[in-house]
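Student: I would like to learn how to read side-chain features in a model. Please take them one at a time.

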Amino acid sequence: MSRLLVSNTLRALSARSYCSHIVDTHKIGTREIVGYGMNGMPIYADRVDFPLPAVRFRPDTPDIKQLREKEKGDWKALSLAEKKALYRASFCQTLAETDASNGEWKSVIGSSLVFMSLAVWVYMFFKLFAYNPTFPDSFKEPNQQAQLRRMIDLKINPITGLTSKWDYEKEEWKK
C-alpha cells in the first residue's frame with residue numbers, strides 16, 4: 001500500500017512540474033525568454049529587488065525586430081526614441097517608475113478609517129440598544145452570599161477549590 005502511495009505521489013509531482021512549464025510557456029505566447037528569471041519560471045514581473053525578468057514585456061513586432069537588428073551594431077547610430085522603444089519592448093516600467101509611490105497608501109488609510117468608524121457605530125448601537133444598563137439580581141450582595149452558601153453546602157470542588165478552605169465542623173473559613 002505504501003509503495004503505491006509513494007509511486008502515485010511521485011507520478012503526480014512529476015506530472016505537475018511538467019504541466020506547469022507547459023502552461024507557463026503557453027501564457028507567455030511569442031515573447032522571448034531572455035534569462036533565468038526570479039525563480040526559474042518564465043514569468044514577467046516588475047520588481048526592484050529583482051530587476052531582470054525572464055521574458056520580455058512585449059512580443060516582437062516587425063518594428064521591434066528591425067530595431068533589434070539595428071541594436072547589434074553601433075549604439076550611437078540609434079536615436080533616443082529608438083532606444084526608448086527597445087527598452088519599452090523589454091520592460092513595462094523603469095526602476096524609478098517601479099519604485100515610485102502609486103498612492104495606494106491613501107486607499108489603505110481611507111478603508112482603515114471607514115472600518116474603524118463602522119466599528120464605532122456598531123459599538124454605539126450595542127451600547128445604546130442591546131446592552132442592559134442594570135445588573136441582574138445575581139449581582140446583588142444577598143444573592144451572592146446565598147450562592148456562596150449553596151456552593152459550600154453542596155461541597156463543590158472540596159479538594160483544591162473554594163470549599164476546601166471551609167471548615168464544616170466550625171462553620172467558618174479555615175485560618
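Student: Which ring does the charged end of Lys155 sit over?

Tutor: The charged end of Lys155 sits over the ring of Tyr168, 5.0 Å from the ring centre. A charge counts as over a ring if NZ of Lys or CZ of Arg is within 6 Å of the ring centre and within 35 degrees of the ring normal. A word on the source: this is a predicted model, where local features need pLDDT of at least 70, side-chain atom pairs count only at pLDDT 80 or more, and totals for chains, interfaces and linings use all residues. Residues are numbered from 1 along each chain as its sequence is written, and side-chain values use heavy atoms, with hydrogens and water left out.

Student: How many salt bridges does the structure hold?

Tutor: Start with the general idea. Side chains of opposite charge can pair when their charged atoms come close. A salt bridge is a side-chain nitrogen of Lys or Arg within 4 Å of a carboxyl oxygen of Asp or Glu. The structure holds 11 of them. In one, Asp153 meets Arg149 at 3.3 Å, N to O. Both residues lie in helix α6 (residues 141-153), 4 residues apart, about one turn of the helix. Helices here are DSSP runs (H or I, at least four residues), numbered from the N terminus.

Student: Is Arg68 buried or exposed?

Tutor: Relative accessible area decides this: buried means under 20%, exposed over 50%, and partly exposed in between (1.4 Å probe, protein chains only). Arg68 counts as buried because its relative accessibility is 10%.

Student: How many aromatic pairs does the structure hold?

Tutor: A pair of aromatic rings is described by the distance of the centres and the angle of the planes. Rings of Phe, Tyr and Trp (its six-membered ring) pair if their centres lie within 6.5 Å; planes under 30 degrees apart count as stacked, over 60 as edge-to-face and the rest as tilted. The structure holds 7 such pairs. One of them is Tyr44 with Phe57, a tilted pair at 5.3 Å centre to centre and 50° between the planes. Both residues sit in the loop between α1 (2-28) and α2, 13 residues apart. Tyr44 is buried at 19% relative accessibility, whereas Phe57 is partly exposed at 26%. The planes of Tyr87 and Phe91 are at 35° and the ring centres 4.9 Å apart, so this pair is tilted. Phe125, Phe126, Phe129 and Tyr131 form one aromatic cluster.

Student: Which residues make up the largest nonpolar core?

Tutor: In soluble globular proteins, nonpolar side chains tend to be buried together. A nonpolar core is a set of buried Ala, Val, Leu, Ile, Met, Phe, Trp, Tyr and Cys residues joined through side-chain atoms within 4.5 Å. The largest core here has 5 residues: Ile64, Leu67, Leu78, Leu86 and Ala89. Helices α2 and α3 (80-90) each supply at least two residues of this core.
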